[in-house]
Amino acid sequence: EFFVIKADLYRQRPDLVNCGRTLVGKLPTRNQQGELNYFAPPPAEISKLLFNVQSVMLKLGVPMAVLHNEVACGQHEMSPIYCHSTFACDNNVLFM
């Protein structure tokens with residue numbers, strides 16, 4: 001699971017730039033927008049990003065099982081297909 005943040009917004013956040021994680025912020029709003037939930041299709045530009053990553057992973061021999069939104073706004077998930085543990089470890093390292 002990961003968050004997709006536009007580059008210009010990322011550069012405005014010193015905590016993300018310097019630490020790679022959120023140090024300041026606010027609690028999530030209640031009743032998040034219905035169109036951005038777990039079951040909704042990803043926005044077009046996010047779908048394009050996910051499919052580009054998927055095609056690179058397939059070229060590396062790592063088939064992906066999951067491509068979808070997650071619960072939080074801007075949160076998405078991709079994961080390699082489950083396989084034998086030694087291959088799964090390698091696939092996860094390549095994907096990360």
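## Arginine 13 and aspartate 15

At 28% relative accessibility, arginine 13 is partly exposed in this predicted model. Arginine 13 forms a salt bridge with aspartate 15, and the closest N and O atoms of the two are 2.8 Å apart. Side chains of opposite charge can pair when their charged atoms come close.

Aspartate 15 is placed in helix α2. Its relative accessible area is 8%, so aspartate 15 counts as buried, the limit being under 20%. Leaving aside residues up to four places away in sequence, aspartate 15 touches Gly20, Arg21, Thr22, Leu23 and Val24. Between the C-alpha atoms of aspartate 15 and glycine 25 the separation is 9.9 Å, with the two residues 10 apart along the chain.

How many salt bridges does a search of the whole structure find? The search finds 2. Apart from the pair of arginine 13 and aspartate 15, there is a salt bridge between glutamate 45 and lysine 6, whose closest N and O atoms are 3.6 Å apart. Glutamate 45 belongs to helix α3 (residues 44–59), while lysine 6 sits in the loop between β1 (2–3) and α1 (7–11), so this pair ties together parts that are 39 residues apart in sequence.

Are the two partners buried or exposed? Glutamate 45 has 53% relative accessibility and counts as exposed. Lysine 6, at 48% relative accessibility, counts as partly exposed.

## Chain layout

The chain contains 4 helices and 3 strands. Starting from the N terminus, its elements follow the order β-α-α-α-β-β-α. Of the 96 residues in the chain, 21% are buried.

Contacts between residues at least 6 apart in sequence include a share of 53% that join residues at least 24 apart.

The 3 strands form an open sheet with antiparallel pairing, in the order β1-β3-β2. The edges are β1 and β2 (64–69), each of which pairs on one side only. Strands of a sheet pair through backbone hydrogen bonds, either parallel or antiparallel. Strand β3 (residues 75–80) is joined to β1 by 2 bridges, and these two strands run antiparallel. Phenylalanine 2 stands opposite histidine 76 in β3, and phenylalanine 3 is opposite glutamine 75.

On the other pairing, 5 bridges join β2 to β3, again with antiparallel strands. Valine 66 has serine 79 in β3 as its bridge partner, and leucine 67 stands opposite methionine 78. β2 and β3 make a hairpin with 5 residues between them. Glycine 74, in the turn of this hairpin, has a positive phi of about 80°.

## Cover over the strands

Which strands does α3 lie across? Helix α3 lies across β1, β2 and β3, and it runs at about 170° to β2. This is also the helix that holds glutamate 45, one partner in the salt bridge to lysine 6.

Why is β3 described as largely enclosed by the rest of the structure? In β3, 5 of the 6 residues are buried, so the strand is largely enclosed.

## Nonpolar surface patch

Phe3, Ile5, Leu9, Tyr10 and Val17 make a nonpolar surface patch of about 450 Å².

With a relative accessible area of 42%, valine 17 is partly exposed. Residues of a patch need over 30% relative accessible area, so valine 17 passes that cut-off. Aspartate 15, in contrast, is buried at 8% relative accessibility.

Note on methods
Residues numbered from 1 in each chain as written. Predicted model: local features only at pLDDT ≥ 70, side-chain atom pairs only at ≥ 80, totals over all residues. Heavy atoms only, no water. Patch = residues over 30% accessible without salt bridge, like charges linked within 9 Å, V, L, I, M, F, W, Y side chains within 5 Å. Areas by Shrake-Rupley, 256 points an atom, 1.4 Å probe, with all protein chains shown as cover. Salt bridge = Lys/Arg side-chain N within 4 Å of Asp/Glu carboxyl O. Buried < 20%, exposed > 50% of the residue type's maximum accessible area, 1.4 Å probe, protein only. Contact = heavy atoms within 4.5 Å. Pairing = 2+ DSSP bridges. Axes fitted to C-alpha atoms, helices over the stretch in contact; angles between N-to-C directions.
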